[in-house]
Structure formats: C-alpha cells, structure tokens
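Biologist: Could we go through this structure together, starting with its loops and then its helices?

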Amino acid sequence: MKEKLEALKVEALAKLQEVTDPQVLNDLRVKYLGKKGELTEVLRGMGGLSAEERPVIGQVANLVRGAIEEIIGAKQEAFQQQETLNRLNAEKVDVTLPGRRLPQGGIHPISRVVQEIEDIFIGMGYRVAEGPEVETDYYNFEALNLPKNHPARDMQDSFYLTEDILMRTQTSPVQIRTMQAMKGETPVKIICPGKVFRRDDDDATHSFQFHQIEGLVIGPNIRMSDLKGTLQQFVQEMFGPNTGIRLRPSFFPFTEPSVEVDVSCFKCGGHGCRLCKQSGWLEILGAGMVHPNVLEIGGYDPAEYSGFAFGMGAERIAMLKYGIDDIRYFYTNDMAFVKQFKGI
Ligand code: PHE
C-alpha cells in the first residue's frame, strides 16, 4: 500500500508540474484528491490493515495529500498572478501619449454674415424677431398688400403645402406678426433673419432655399431720409467706412415708394472690377417706406405713423464679401470649403 501511495505521489506530482491551464489543474485535483479520487480509493483499502500498519500508512497518505495540495496551491497562485499580469498588460495606457483632438468646427459663412448683420443693427437699438417658416398665405402675401392673384406674386414662385399654407417666400410676414403683437406700440425696431423658400432654378446663384434678413422700423415721423441714413450706417460697418449707397426706384407691393439699394463696390472702391461687372456698384437689398395698407393691417394708423422696411439675402452678401461664385457651396457641407472660414 505504501508503494501504491508513493507511486501515486510521483505520478501526481509529475503531472501537476506540467499543468499550464487552470481547468486542467482543477480536473487533476478532482482526479487525485476528490471524493472519488485515486487517493481516497487507495485509502479505502486501509480497513484491511493491521493496527500497527494503519498509523504508518495514514501518515504516508497524509504526506502524499500534503505534497499534492501544496503543488496545487502553488500552481493556483501562479495562475492567478499570471492572470493579473495579463490584465494589467492588456489595460496598459501610456499616459505620456498626446490626447486625441476633437476636430474643431467653424461658424458657417451664412451664420457668420447673419450674426454680423444682427450685431450691427442691435448696436443701433434693434431687437431680433423670428417667425415660422411654414406660413399662411395671409401673412406671407395678403397682409403684405399682395392679394390673391396679384401679379407681383409671380416674383416669388412658392411651395404651397395646402391652398392656404406655404413655405414662406420672404421674412416679411414677420413684419405683420410683430406689428400685431405690439398692438400699436412704438417704436417698432426689429431685424428678422431666417430661411425662406422659393421654387427657383438650382444654379450658381439660385437656390430653392436661402436666408433673408429683414428690417422694420415704425414710429411717428419716420422718413425716407431715416431709411437712407440707417442703410448708410449699416454698409459702412459691414463693408468698410468708405462704402457708399445708391437708391434706385423699384417696386414691392408692401412698400411705397420702393427702392433697390446698391453699395459702392468694396473691392475696387467704385472704379469698376470683375466683382461689380465694371459698374462700381453692387446690388444688395430691397427697401422702401411701409405701405399704408400694411401699416393698417398691422394695427398702426397711417395718418399717425410711418415706417421703413428693408430686406436682403444673406447668401448674396456672403458671396460678395468672401468672393464665393457658387451658392451651392453653402449647402454641400464640403469640409474643404467650410474650413476656410474657421479663423476669420
Ligand atoms: N421681401 C422682399 C423680397 O423678398 C425684400 C424687401 C423687404 C423689400 C422689405 C422691401 C422691404 O424680395
């Protein structure tokens, strides 16, 4: 029996020594030390031993068990250490590596121009007003002195959602909404930026969607000279102190008289160049004195109050200002294009 135990020990130690896998180690532990294991098996034969032999064999058996347990314990510990080490290696971070930078965006040239214009007018005491992009025919046209079937509607071919609801073709409906909200109080002094929509060609200078900025002032004794002075101040701040303006007669149903406003070419100083097509002038906005019908619809008595309004396209101003020759660049999110405006 003693030999059996010794042989078992030799075999077990040799096998355990070679184990490289925790699962195999556990299997071997069960095989040798488990309830149905080989050591237990041998010890079961102890009943047939004499009283003198029993303690001797018992002692040997304990030594064998001890030796096997010891090597299993050592192996378990080694496996655990290895596992910790592996985890530490896998999770290793080099804290000296430079961080990953998030790409930093820039402000879109249209937003930039809109903000710049807003700032200039806020500096003159205006407040920013906004209105819905989906408008009623009433606010977009009728209240602006453009009755149904008025021929001037042709200038703004529209996207109708229903008979009476459309995507606004101009920011002018905000004039009416503001007047009605202010219930006859003065002064009205607002600037309204926003998206507008027209059925238009899709080419280098036209888009079915663009941005307008509208201005409206109402009060007692507001005159054409106030409009002119305001726009003169605006273009000097926007395009430089030497910029001049020129007013040409025009027509809008909601203003009377109406003007088309040109600025002296800020590129050539008015001498004539490619940008201004040799004319020395650049057309940038439409304006006029608020039509009495519009004042009345807005709740202001035309006998008591007068006002002026103006409207310009942000795209057109951005194109002129930054020398961009195709409006589609604004909407295609081409990083190479947008990036150029990062630090300006
Ligand atoms: N809303 C006009 C347009 O889109 C521009 C404009 C605004 C003209 C205000 C005069 C006064 O063409």
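**Loops, helices and a surface patch**

Modeller: Pro187 is found in the loop between α7 (173-182) and β4 (188-197). Please keep in mind that this is a predicted model.

Biologist: What kind of peptide bond joins Thr186 and Pro187?

Modeller: The bond joining Thr186 and Pro187 is cis, with omega at about -5°. As background, most peptide bonds are trans.

Biologist: And what is the peptide bond from Glu256 to Pro257 like?

Modeller: That bond is cis, with omega near -5°. Pro257 is found in strand β7, which covers residues 255-264.

Biologist: Back to the loop between α7 and β4, then: what is the phi of Lys183 there?

Modeller: Lys183, which is placed in that loop, has a positive phi of about 45° although it is not a glycine. In general, most residues other than glycine have a negative phi.

Biologist: Let us turn to helices. How do α1 and α2 pack?

Modeller: Two packed helices are described by the angle between their axes and the distance between the axes. For helix α1 (residues 2-18) and helix α2 (residues 22-33), the angle is about 170° and the axes are 11 Å apart. Helix α1 is therefore roughly antiparallel to α2.

Biologist: Which residues make that contact?

Modeller: Helix α1 contributes Leu8, Glu11, Ala12, Lys15 and Leu16, while α2 contributes Leu25, Leu28, Lys31 and Tyr32. By class, 6 of the contact residues are nonpolar, none are polar and 3 are charged.

Biologist: At what angle do α5 and α10 cross?

Modeller: The axes of helix α5 (residues 109-123) and helix α10 (residues 314-322) cross at roughly 100° and come within 9 Å. This makes α5 roughly perpendicular to α10. Among the residues in contact are Val113, Glu116 and Ile117 of α5 and Ile317, Ala318 and Lys321 of α10. The contact has 9 nonpolar, no polar and 4 charged residues.

Biologist: What does Lys321 form with Glu116?

Modeller: Lys321 and Glu116 form a salt bridge, with their closest N and O atoms 2.7 Å apart. Because Lys321 lies in helix α10 and Glu116 in helix α5, the pair ties together parts that are 205 residues apart in sequence.

Biologist: How many salt bridges does the structure hold?

Modeller: The structure holds 15 salt bridges.

Biologist: Finally, which residues make the nonpolar surface patch of about 240 Å²?

Modeller: That patch is made by Val134, Leu161 and Ile165. Leu161 lies in the loop between α6 (137-140) and β3 (165-167).

Notes. Residues numbered from 1 in each chain as written. Predicted model: local features only at pLDDT ≥ 70, side-chain atom pairs only at ≥ 80, totals over all residues. Heavy atoms only, no water. Patch = residues over 30% accessible without salt bridge, like charges linked within 9 Å, V, L, I, M, F, W, Y side chains within 5 Å. Areas by Shrake-Rupley, 256 points an atom, 1.4 Å probe, with all protein chains shown as cover. Salt bridge = Lys/Arg side-chain N within 4 Å of Asp/Glu carboxyl O. Helix = DSSP H or I, 4+ residues; strand = E, 2+ residues; numbered from the N terminus. Axes fitted to C-alpha atoms, helices over the stretch in contact; angles between N-to-C directions. Parallel < 35°, antiparallel > 145°, perpendicular 65-115°, else oblique. Contact = heavy atoms within 4.5 Å. Nonpolar A, V, L, I, M, F, W, Y, C, P; charged D, E, K, R; others polar.
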